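Hi there,

Here is the structure I promised to pass on. Have a look at it first, and my notes follow below.

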Amino acid sequence: MHELDLLMGGFAALAANPLALLLALVGVALGILIGALPGLTATMGVAILLPFTFGMDPVSGLLMISGVFFGGIYGGSVTAILLRIPGTPAAAATAMDGFELTKKGMAGVALGTATLSSFLGGTASIIVLIFMAPLLAGFALEFSASESFALAVFGLSIIASISGRSVVKGLIAGFLGLLIATVGMDPMDGFPRFTGGYTELFNVPFIPVMIGLFAAAEAFKSLEDPKVRLGMAAALGRIIPDWPTYRRMLGTVARSTGLGVVIGIIPGAGADIAAYVAYNEAKRFSRTPENYGKGELAGVAACEAGANGCTGGALLTMLTLGIPGDAVTAVMLGALTLQGLQPGPLLFKEHADLVFTLFAGMLFCYVAMLVIGLGSLRFMGRVLQMPKSVLTPVILVLCVVGTYAINNSLFDIGIMLAAGIAGYFMQKWDFPASPVVLALIMGPMAEANFRRALSLSGGSYDFLYSRPITAILLSIAILTLLLPLVKRWRAHRLESRAGGTASPLNQA
């Protein structure tokens, strides 16, 4: 195959450029660190590093940025699993089962599973990028505003699956998230709404809310736990999952990777959406869906494979069409331009050697991520050996510093603390926090694309059923929303027949 020959040539060119390999390693290590710190996202890391690549040769500069991108997506899972602090928005999905595994004393296996799944998902997505770029780029062009709206609705329907014990409470939390998502600039008119005159609310404060709901709320809860004062410590334990256990998850990893690649190539979607969708599908196909949310290893594998599978997909449309798949690739688009390269079909014709050297370097980045990730987990896991009476204040400090670092704003810290208090009471009253985060991610995307599609169709709602991809996605969304309700209703009926007297709403 012509692509295979070019890839072999790329590996040879890369081997003759040790500086590029070194910078790729530095980029991956920096990315993992940035991803693990709450508030610092892969987008921010790539944007900060961008000016430093000016003056480097294109391969070295772009590989360093790619390393930050890949490491940043993976790094968010470390603190999500260990401390329930999602370093990145995508890691919020990983925290659902990852932190439950930590509480069970299985933090090491959860981290090892996340690392292996991130490596497999990311590597597979780059291979897809190498061999199927033109084909998938054509599919991406089929997505207009109506398809993106349907994808967002499908994402919102996942709330029914991640609501834990009560779907009703999950839907209430999701509705609350949608209300918060309406704060900020109107996506069509550009006017501020529900901001109360605060310019800080022109954009939905998504990351402060996420840090507050997940991390600060957990820290507040720890403060009232008597075990905190006793300095309870936990061990990391085994890191690499045994082969029979991981082999059973390979199907989930493959499916999640495929979903990640497809979602990655859709402009406007990203790793956070891919992680939630992959989690939902893993739960749907599982023989033990009731274990999800309580510490299911396959849930961690699905989220990480989906999020990292997204990286290759996002790069695909950026390189072949010049359309960035997400915020990180939008910044990387600037990096390519900075290097004097014009993304598009001609890039593969005029600079094929350079492009395939980059592809070879991206595969190297994922191998480096696997080695650095597994090698550093023991060190990172020592946070679990820290007494919780020390760890809890450290978590709160990280929350404050991470939130402040986003915009250098004390206002954001106030929002984070308010979200933390709200999250604390949500935990006490058994309301899940994940639907709020999911609604904050999907809400603006759904609203903006719905209104855009409505405008393009001249006010007609025909696009909801006349476009095949839109109709299919909306149908799947309805099924996804209703299926858990029907299952629980049937379970309640069976319990009632067996003499149970519980209320349907309490069981829903």
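Where is the place of aspartate 430? Aspartate 430 sits in the loop between helix H18 (410–428) and helix H19 (434–456); helices here are DSSP runs of H or I with at least four residues, strands are E runs of at least two, and both are numbered from the N terminus.

Before you read on: this is a predicted model, where local features need pLDDT of at least 70 and side-chain atom pairs count only at pLDDT 80 or more, while totals for chains, interfaces and linings use all residues. Residues are numbered from 1 along each chain as its sequence is written, and side-chain values use heavy atoms, leaving out hydrogens and water.

Aspartate 430 has a positive phi, near 65°, in a residue other than glycine. Aspartate 430 is partly exposed, because its relative accessibility is 32% (buried is under 20%, exposed over 50%, partly exposed in between, with a 1.4 Å probe and protein chains only).

Phenylalanine 194 is not a glycine either, yet has a positive phi of about 55°. Phenylalanine 194 lies in the loop between strand E2 (192–193) and helix H9 (206–223), and counts as exposed at 62% relative accessibility.

There is also a nonpolar patch on the surface, formed by Leu171, Ile478, Leu481, Leu482, Leu485 and Val486. Helix H21 (residues 468–497) gives the most, five residues. Leucine 481, in helix H21, is partly exposed at 32%.

Best wishes

Key. Patches are made of residues with over 30% relative accessible area and no salt bridge: like charges are joined within 9 Å, nonpolar side chains (Val, Leu, Ile, Met, Phe, Trp, Tyr) within 5 Å. Accessible areas come from the Shrake-Rupley method with a 1.4 Å probe; for residues, only the protein chains shown count as cover. A salt bridge is a side-chain nitrogen of Lys or Arg within 4 Å of a carboxyl oxygen of Asp or Glu.
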